[in-house]
Amino acid sequence: MSEKEQYVTEIDDSFNKTQSMHRQKVPFKERISYGLGDTAGNLIFMMSSTYLMYFYTDISGLDASAIGTLFLIARFMDAIGDPIVGICIDRTNTRWGRSRPYFLWFCAPFALFAVLTFYVPDLSTTLKLVYVYITYLLLNIGYSLVTLPLSSLLPNLTSDTKERTVLNSFRMIGGQVGAFLTNLTALPLVYFLGRGNDQKGFLMTIVFFALIGVAMYLLTFKNTRERVRTVHNEKINIKQGFRALKSNLPWWIILFIYFTYWFAFTVKNQTAIYYMKYNLGHSSLTPIITGLTVMMILSMIMVPFIANRIGKRNTMLIGFAIAIIAQLMTYVSTFTASTSILIGSTALGYLGLGLVNGLIVAAIADVVDYGEWKTGIRAPGFLASAESFGVKFGTGLGGASAAWIMSSNGYIAHKVQSSQSLHAIQFDFIWIPLIMFVLGFISLLFYKIDRLGPQVAEDLAKNRI
C-alpha cells in the first residue's frame with residue numbers, strides 16, 4: 001500500500017470512529033439527568049412567570065402598571081446580560097467542561113434569588129418597588145446562569161441530530177413535569193402552608209420548590225458529560241460570538257419563536273388566575289386550568305416519532321396550528337359560559353404547544369452546528385442565549401403588556417371589576433396568545449434548516465477529525 005493510500009485509509013478510519021462516537025446513544029441515566037435540569041428550572045421559575053404579578057398586585061399591594069414597567073426594564077437588562085453569560089460559557093474551560101460547572105456554581109444563588117423575590121418586606125411603596133426591582137433582576141440573572149448552560153450543553157452531549165431530538169424531549173418533558181407540579185400544587189400549598197396568610201404561604205412554597213430544584217441541578221451536573229468539542233476548544237470572544245450570528249437566519253427565526261411562544265404562554269398563564277376569579281367567578285378553576293400543562297407532556301412524548309418523520313419545522317407548525325384553533329375554541333366558551341369547552345380548549349392548546357416546546361431547544365442545537373458550518377466558529381453558549389433571552393423577553397414583555405392593559409382599563413385588586421376591566425382581562429387571556437401563535441406560525445415558514453441537517457453534520461464530523 002502506497003503512503004498516499006495508507007494516509008487515506010487512516011483518514012477514513014478516523015472519520016468512521018468520529019461518526020461512531022457522535023452517534024453513540026446517550027445513556028438513559030444521563031437523559032433523565034439532563035431533563036431534571038429543566039424540571040428544577042420550572043419548579044422555581046414557573047412560580048414567577050405564573051404567580052408573581054398576582055403576588056405583587058393582590059398580595060403585596062403594588063400597582064399593576066408599576067409592575068409592568070419592572071418587567072419591561074428587566075428585559076432590557078437581559079438584552080445585555082444574556083449574551084455576556086453566553087460568551088462566559090464559551091470561554092469557560094474546566095475539567096468538567098464548559099456548561100456543566102454552571103449548575104454547580106449557580107443553582108443555589110438562583111434558588112436564593114427566587115426566595116427573596118417572594119418575600120416583600122413591609123416598607124413604604126417606594127422602598128417596596130426598589131426591593132422588588134433588585135430581587136426580580138437578580139432572579140433573572142440567576143435564571144440565565146442555569147438555563148443558558150442547559151441549552152449550550154445539548155450540542156455538546158452528542159452530534160447526532162436524532163439523538164438530540166430524543167434528549168431534548170427528555171428535557172422538555174422534565175420541564176413540563178416541573179411546570180405541571182408548580183401549577184397544580186402551588187396555590188394549594190400556599191393555602192396550606194400560609195394558614196390564611198397568603199404572603200407567608202407564597203414564601204414557604206417557593207422555599208420548598210427551591211430546595212428540590214437545587215438537588216435536581218446537582219444531579220444534572222453529576223450525571224451528564226460533554227463529548228463534542230471543537231478541535232482546539234478555543235475560547236470565544238464577543239466579536240467572534242457576533243460573527244457566529246452572521247448569515248445565521250435560522251438562529252434569528254428560533255429567537256423569534258421563543259419570544260412569541262413565551263409571550264403568549266406567560267400572558268395566558270399569568271392572567272388565568274384573574275380570568276377565573278373575576279370573569280368567571282370561580283377561583284377554584286385556576287389550578288385545574290394551569291395544571292392542564294400536563295397535556296404538553298403527552299405531546300412531547302410523541303415529538304421524536306413525529307419529528308423524525310416530518311421534520312422539526314413541520315411538527316412545530318402543526319403545534320402552532322392546534323394552539324390557534326384552541327384559542328378560538330376558548331373564545332367560543334365565552335358565549336356559552338361552558339366550563340367544559342374552556343377546559344377542553346385549554347387541554348387541546350397545551351397539546352399543540354407541547355409539539356413546539358418539545359423542539360425549540362433541539363433547534364438551538366441545530367443552529368449552533370449551522371453557525372459553525374457557515375462561519376467556522378462554534379459558540380454554543382452565545383447562540384444558546386437565544387433561549388434565555390427569548391424566554392425572559394417573552395415572559396417579561398408579555399407580563400408587562402398584560403399588566404399595562406389591565407391597569408389602563410381600570411383594574412383594581414379585590415374589587416368588583418368594571419365591564420371595561422373584564423374585557424381587558426379577557427383580551428389578555430384569549431386574544432394576545434392567539435396573535436402570538438399566528439406570528440410564530442408565519443415565522444416558521446421561513447425556517448429551512450431541516451433539509452441541510454445531514455450535510456452539516458457530515459461536514460462538521462470531517463472537520464473534527
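This is a predicted model: local features need pLDDT of at least 70, side-chain atom pairs count only at pLDDT 80 or more; totals for chains, interfaces and linings use all residues.
Helix α2 covers residues 28-59, 32 residues in total. The distance from its first C-alpha to its last is 43 Å, close to the 46 Å expected at 1.5 Å a residue. A bend of about 60° occurs in α2 at Y51. Of the 32 residues of α2, 28 are buried, so the helix is largely enclosed by the rest of the structure. G61 follows α2 and has a positive phi, near 75°.

The second largest pocket holds about 230 Å³ of space. Its lining consists of 13 residues, and those closest to the pocket centre are Y275, N279, L280, T334 and A337. Four helices each supply at least two residues of this lining: α9 (249-279), α12 (312-336), α13 (339-357) and α16 (419-444). The largest share, three residues, comes from α16. When the lining of the second largest pocket is sorted by class, eight residues are polar and five are nonpolar, while no charged residues are present.

The cysteines were also examined. A disulfide is a covalent bond between the sulfur atoms of two cysteines. A search of the whole structure returned zero disulfides. C107 has a relative accessibility of 2% and therefore counts as buried, the cut-off being under 20%.

Notes. Residues are numbered from 1 along each chain as its sequence is written. Side-chain values use heavy atoms; hydrogens and water are left out. On a 1 Å grid over the protein atoms alone, a cavity is a set of points where a 1.4 Å probe fits but cannot get out, and a pocket is an open set with protein on both sides within 12 Å along at least five of seven lines; lining residues have an atom within 4 Å of a point. Grid points are joined across faces, edges and corners, and a volume is the space filled by probe spheres set on the points. Ala, Val, Leu, Ile, Met, Phe, Trp, Tyr, Cys and Pro count as nonpolar, Asp, Glu, Lys and Arg as charged, and the others, Gly among them, as polar. The expected span of a helix is 1.5 Å times one less than its number of residues. The bend at a residue is the angle between axes fitted to the seven residues ending there and the seven starting there. Buried means under 20% relative accessible area, exposed over 50%, partly exposed in between (1.4 Å probe, protein chains only). A disulfide is a pair of cysteine sulfur atoms within 2.5 Å.
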